[in-house]
Amino acid sequence: MAAAGVQSVERALGLLDLLAERGGVGSVSELAEAAGLSQPTAHRLLNTMQRLGYVQRHSGRKYALGARTMLVG
């Protein structure tokens, strides 16, 4: 039996994986659709990760991997 995880952490890390797979940049709508999340949920997760330095906001509604991901990697 698999151990239960923390859903929000799994979702946030999934968004980081999707950004990496897409060359490091993606819009909220693209990422939400690919992750199977609502846009408001994806937006909240991305904003939190932006505040922590894991993603950065580009022009408009595009997000990119942030410098903090390099430190972790």
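**View A. Buried residues of helix 1.** In this predicted model, the buried residues of helix 1 are Ala 12, Leu 15, Leu 16, Leu 18 and Leu 19. They lie on the same side of helix 1, because they cover an arc of only 160° around the axis; the arc is that of the directions from the helix axis to the C-beta atoms. Glu 10 and Glu 21 are exposed on the other side of helix 1. Buried means under 20% relative accessible area, exposed over 50%, and partly exposed in between (1.4 Å probe, protein chains only). Helices (H or I, at least four residues) and strands (E, at least two) are DSSP runs, numbered from the N terminus.

**View B. Length and end of helix 1.** Helix 1 comprises 15 residues (residues 7-21), which at 1.5 Å a residue should span 21 Å, and this agrees with its end C-alpha atoms being 21 Å apart. The expected span is 1.5 Å times one less than the number of residues. Just after helix 1, Gly 23 has a positive phi of about 80°.

**View C. Cover over helix 1.** Among the elements covering the buried residues of helix 1 are strand 1 (25-27), helix 2 (28-35), helix 3 (39-51) and helix 4 (67-72). Strand 2 and strand 3 (62-65) also belong to this cover.

View D. Gln 56 is found in strand 2 (residues 55-57) and counts as partly exposed because its relative accessibility is 41%. Leaving aside neighbours within four places in sequence, Gln 56 is in contact (heavy atoms within 4.5 Å) with Lys 62, Tyr 63, Ala 64, Leu 65 and Gly 66.

**Notes.** Residues are numbered from 1 along each chain as its sequence is written, and side-chain values use heavy atoms, with hydrogens and water left out. Local features need pLDDT of at least 70 and side-chain atom pairs count only at pLDDT 80 or more, whereas totals for chains, interfaces and linings use all residues.
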